[in-house]
There are 2 protein chains.
Amino acid sequence: MLKISKKADYALMALQHIALVQFGDVTPGRVVNTKEIAEEYNIPLELLAKVLQTLAKNGLIESHNGPKGGYLLARSTRQITIAQILEGIEGPLGITDCSHEKEGELCLQREHCNIRTPLLKVQDSIYQLLNNMTLQDMMGGTPLITIQSPSAQGVAQ
Amino acid sequence: MLKISKKADYALMALQHIALVQFGDVTPGRVVNTKEIAEEYNIPLELLAKVLQTLAKNGLIESHNGPKGGYLLARSTRQITIAQILEGIEGPLGITDCSHEKEGELCLQREHCNIRTPLLKVQDSIYQLLNNMTLQDMMGGTPLITIQSPSAQGVAQ
DNA sequence: CTTTAGTCCGACCTTATTGATCGGAGATCA
DNA sequence: TGATCTCCGATCAATAAGGTCGGACTAAAG
Ligand code: FES
Ligand code: FES
């Protein structure tokens with residue numbers, strides 16, 4: 001449950017790889033093309049291409065056309081959060097089916113729904129978690145995260 | 001993204017309803033049948049039945065057969081966590097596709113995967129969040145949850 | 001200026017998952 | 001004994017995800 005899609009997975013891998021090349025010691029500033037990433041991580045080329053296009057459209061990376069073209073990060077690794085990446089690929093975070101109800105369509109359960117409010121709080125917590133973690137963190141900076149829940153009881157920690 | 005299924009939604013609603021009846025002031029201890037819940041919340045009867053069956057199989061509720069039958073909570077509302085409910089319906093929490101890799105099948109990306117470790121930490125955080133929240137909490141006790149992330153920056157620590 | 005390798009982009013198909021349904025077996029109470 | 005209710009497996013339909021294809025465009029090299 002609560003699985004993120006493979007596309008999102010690929011996006012995370014690709015971004016980290018680009019960051020690694022771009023800010024690494026070996027060839028800093030080099031553009032990275034789709035093929036390179038696809039082969040390195042065994043990702044279907046065409047699919048990865050589409051993922052990268054989406055990321056570019058969302059302003060997370062810059063695309064450079066033509067031969068010797070490829071992608072570059074649009075911002076520093078500290079300014080790209082996991083939430084931004086995931087939302088760019090999979091759309092806005094919505095833990096329940098009716099988190100983002102559009103005008104007109106109303107959840108059948110809404111009238112007597114007793115779980116909407118608490119679930120939205122859970123959703124918000126998860127969002128904070130993802131939005132407080134940057135690409136930089138994921139690359140080995142300080143990937144340590146803890147949670148405190150005042151509503152916890154019965155579960156001794 | 002990160003959506004939980006409707007079945008899980010229904011499960012949460014149903015459990016809260018049962019708890020409300022069972023521990024409420026009006027008719028404490030009364031068993032609740034599927035039809036009652038389905039009508040109250042506009043849930044397809046057959047589907048809800050299956051959800052409740054699954055919950056019963058997982059030991060979260062007790063089923064009473066025959067006429068005047070129905071369901072009762074197996075434990076107190078403080079001893080049932082959201083994680084238990086969700087996992088009972090949707091299977092174990094797995095944020096990535098390869099979180100629970102079985103023997104033999106190996107993720108193609110595993111070899112050079114650079115995101116596995118940090119993602120598992122995220123997953124663990126979410127699990128804690130869900131496992132620290134009980135049915136009691138969701139029913140209006142103290143639905144307040146906060147998160148602290150030491151890896152956060154730009155956000156006051 | 002022309003060629004050419006490469007990216008860009010949208011449409012398309014296929015498969016997996018979820019949501020929902022059906023029909024009968026077994027249990028309980030009047 | 002008969003009516004009512006839960007239990008359980010199998011099954012179908014809708015939706016979303018994973019993956020593919022072909023053409024348009026762009027920039028570097030000759
Ligand atoms: S499930 Fe839609 S409002 Fe609660
Ligand atoms: S995606 Fe499978 S190990 Fe990282």
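Tutor: H5(A) passes H5(B) in a right-handed crossing, right-handed being the case where the near helix is turned clockwise from the far one by less than a right angle, and left-handed where it is turned anticlockwise. This is a predicted model, in which local features need pLDDT of at least 70 and side-chain atom pairs count only at pLDDT 80 or more, while totals for chains, interfaces and linings use all residues. Residues are numbered from 1 along each chain as its sequence is written, chains are lettered from A and ligands numbered from 1 in the order in which they are written, and side-chain values use heavy atoms, without hydrogens and water.

Each H5 covers residues 116-131 of its chain; helices here are DSSP runs of H or I with at least four residues, numbered from the N terminus. The two helices pack at an angle of about 155 degrees, with their axes 11 Å apart. Axes are lines fitted to C-alpha atoms over the stretch in contact, and angles run from 0 to 180 degrees between N-to-C directions. H5(A) is therefore roughly antiparallel to H5(B), a label for angles over 145 degrees.

Now the residues: A:Val122, A:Ser125, A:Ile126, A:Leu129 and A:Leu130 meet B:Val122, B:Ser125, B:Ile126, B:Leu129 and B:Leu130, where contact means heavy atoms within 4.5 Å.

Definitions and conventions: Parallel < 35°, antiparallel > 145°, perpendicular 65-115°, else oblique.
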